[in-house]
Amino acid sequence: MDKEELINSLNWFYSLETSQVELYTAQSRKFKDQYGGMVFERVAEIEQGHGDLISAKIKELGGTPTQLGEVISTIIGASMGTILSMTGLDMALRINIKLEEKAMSDYSQLIASVEKEGESPESELCKLLKYNYVDEDLHAAEFAKLIGTEGE
Ligand SMILES: [Fe+2]
Ligand SMILES: [Fe+2]
């Protein structure tokens, strides 16, 4: 993987993280009267942190953070507007879990490929990717825990 391929791959994560901030922030408003709404608000902040770190890494590599189209539609098969118009906390949680799982599988692929090409597992890049992976794992677990709590 040359530098340009790495930048392209990081732009994918930048796009995904940024889209998650947008979706989770909108969901936090939609479900503001429930605990789930608070969880979405907090997770949106964490995704913002991920996006900021990836953006900084792209710039450090000489690239420009770029939004690569409608990544949520690509993963879920429905636009953000359609997703937000679907009713119910459980539906939102199930969609979010799909996004978190996609992020986890893509992070682990990128970690494996940069390490295979000689990047130290302890490098700043690998740690960034691994810490994000751990956060996505926590998000998916929390979202799964909240299924069935509508109205609580
Ligand atoms: Fe994230
Ligand atoms: Fe996440």
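Helix H5 of this predicted model comprises 28 residues and extends 40 Å from its first C-alpha to its last, close to the 40 Å expected at 1.5 Å a residue. The protein chain contains six helices and zero strands, and its elements follow the order α-α-α-α-α-α from the N terminus. Its radius of gyration is 16 Å, close to the 15 Å that the globule rule gives for 152 residues, so the chain is as compact as a globular protein of that length.

**Helix H5**

- The buried residues of H5 are Leu-89, Ala-92, Leu-93, Ile-95, Asn-96, Leu-99, Glu-100, Ala-103, Tyr-107 and Ile-111.
- The cover over these buried residues of H5 includes H1, H2, H3, helix H4 (80–85) and H6.
- Leu-93, one of the buried residues of H5, is in contact with Phe-143, Leu-146 and Ile-147, when its neighbours within four places in sequence are left aside.
- After H5 comes Gly-118, which has a positive phi near 105°.

**Helix H6**

- H6 has 23 residues, and the distance from its first C-alpha to its last is 33 Å, close to the 33 Å expected at 1.5 Å a residue.
- Within H6, the residues that are buried are Leu-129, Asn-132, Glu-136, His-139, Phe-143 and Leu-146.
- These buried residues of H6 pack against H2 and H5.
- Two of them, Phe-143 and Leu-146, are among the contacts of Leu-93.

**Nonpolar core**

- The largest nonpolar core consists of 27 residues, and the members with the most contacts inside it are Leu-10, Phe-13, Tyr-14, Phe-40, Ile-54 and Leu-93.
- Two or more residues of this core come from each of helix H1 (3–30), helix H2 (35–60), helix H3 (71–76), helix H5 (89–116) and helix H6 (124–146).
- H5 supplies the largest share of this core, with eight residues.

**Overall dimensions and contacts**

- The C-alpha trace of the protein chain spans about 50 × 25 × 20 Å along its principal axes.
- Buried residues account for 30% of the 152 residues of the protein chain.
- Of the contacts in the protein chain between residues at least 6 apart in sequence, 72% join residues at least 24 apart.

- Gly-81 is located in helix H4.
- Gly-81 has 9 C-beta neighbours inside 10 Å and therefore counts as exposed, the cut-off being 12 or fewer.
- The C-alpha atom of Gly-81 is separated by 9.3 Å from that of Leu-23, although the two residues are 58 residues apart along the chain.
- Thr-87 is placed in the loop between H4 and H5.
- Thr-87 is likewise exposed, because 10 other C-beta atoms lie within 10 Å, and that count falls under the cut-off of 12 or fewer.
- Thr-87 and Lys-30 are 57 residues apart along the chain, and their C-alpha atoms are separated by 9.6 Å.

Note on methods. Residues numbered from 1 in each chain as written. Chains lettered and ligands numbered in written order. Predicted model: local features only at pLDDT ≥ 70, side-chain atom pairs only at ≥ 80, totals over all residues. Core = buried A, V, L, I, M, F, W, Y, C linked by C-beta atoms within 7 Å. Buried ≥ 20, exposed ≤ 12 C-beta atoms within 10 Å, placed from the backbone. Helix = DSSP H or I, 4+ residues; strand = E, 2+ residues; numbered from the N terminus. Contact = placed C-beta atoms within 7 Å. Expected span 1.5 Å × (residues − 1). Rg over C-alpha atoms; globule rule 2.2 N^0.38 Å.
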